[in-house]
Amino acid sequence: MEKKVCRKCKEEKPKTNEFFRIHHNDYFRPDCKVCLKKPKKPKPTEKKCCSCKKTLKLNIDNFRKRCDQDGFRSDCKSCFDEKQRLRHRKFYKENTEKERKRLRDWRTNNLKRSLETQRKSRMRPENKKRQKEYDIKNNLELPNHRVANTLGLKLNDLTPDIIETQRLILKIKRELKK
Ligand SMILES: [Zn+2]
Ligand SMILES: [Zn+2]
């Protein structure tokens, strides 16, 4: 006769309905009928935290849940939360530099990209025309520092006369280009 070892008591018993309950069809339960009838151990109501060694009531206020034997973590909630906090802080510390660099790179890359987009947009004929019309309409002049820039000098190094003259030259150049 076929035999079966009970999962609980490890005894070998005949694999029949007399010793093992049949679950459905041909499936026998892993525990023998004797073991099934034994009262289960009452669930513990308290638990000692493995970290701070405090004994606390076993509930979700004191322990975080986990798919464990009793369904709770072995360390209490405040110990676990504290550990988690330190872990986060450590992670943040280690990653701050990396994160900062990533942000910096992202900004630089996106700045480049956005400047490129702006430049392309300005180069489009319809926008060029609109810009020119806008300049004429608003009688826009080159600001002093831009004039100084075209000479490769700082504003402080130039007298108003020189700035005016250079501005005139630039204007003439611009007119000639048209
Ligand atoms: Zn058994
Ligand atoms: Zn604890």
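User: The radius of gyration is taken over C-alpha atoms, and the globule rule is 2.2 Å times the number of residues to the power 0.38. What radius of gyration does the protein chain have, and what would a compact globule of 178 residues have?

Analyst: The protein chain has 41 Å, whereas a compact globule of 178 residues would have a value near 16 Å. Its C-alpha trace spans about 115 × 45 × 25 Å along the principal axes.

User: Before going on, which pLDDT limits apply?

Analyst: This is a predicted model, in which local features need pLDDT of at least 70 and side-chain atom pairs count only at pLDDT 80 or more, while totals for chains, interfaces and linings use all residues. Residues are numbered from 1 along each chain as its sequence is written, and chains are lettered from A and ligands numbered from 1 in the order in which they are written.

User: How many helices and strands are there?

Analyst: The protein chain has 5 helices and 8 strands. Both are DSSP runs numbered from the N terminus, with helices being H or I of at least four residues and strands E of at least two. From the N terminus, the order is β-β-β-β-α-β-β-β-β-α-α-α-α.

User: And the domains: where are their bounds?

Analyst: Domain 1 covers 1-40 and domain 2 covers 141-178; such bounds come from an automatic or database domain assignment. The C-alpha centres of the two domains lie 100 Å apart.

User: What share of the residues is buried?

Analyst: Buried residues account for 3% of the 178 in the protein chain. A residue is buried if 20 or more other C-beta atoms lie within 10 Å of its own, exposed if 12 or fewer, and partly exposed in between, with C-beta atoms placed from the backbone.

User: How many buried residues does α2 have?

Analyst: The count is 0 among the 47 residues of α2, so this helix is hardly covered under the burial cut-offs. Helix α2 (residues 77-123) also has a kink of about 45°, centred on N95. The bend at a residue is the angle between axes fitted to the seven residues ending there and the seven starting there.

User: Which residues does V147 touch?

Analyst: Leaving aside residues up to four places away in sequence, V147 touches L142, I163, Q166, R167 and L170. Two residues are in contact if their C-beta atoms, placed from the backbone, lie within 7 Å. The C-alpha atoms of V147 and E164, 17 residues apart along the chain, are 8.7 Å apart.

User: What about H23, where is that one?

Analyst: H23 sits in the loop between β3 (20-22) and β4 (28-32). H23 counts as exposed because it has 10 C-beta neighbours inside 10 Å. Not counting residues up to four places away in sequence, H23 touches F28 and R29. Between the C-alpha atoms of H23 and S51, which are 28 residues apart along the chain, the separation is 42 Å.

User: Switching to backbone angles, what is phi of K10?

Analyst: K10 has a positive phi of about 65° although it is not a glycine. K10 is in the loop between β1 (3-5) and β2 (12-14), and it is exposed, with 9 other C-beta atoms within 10 Å.

User: And where is K53 placed?

Analyst: K53 belongs to the loop between β5 (46-48) and β6 (55-57). K53, a residue other than glycine, has a positive phi near 65°. K53 is exposed, with 9 other C-beta atoms within 10 Å.
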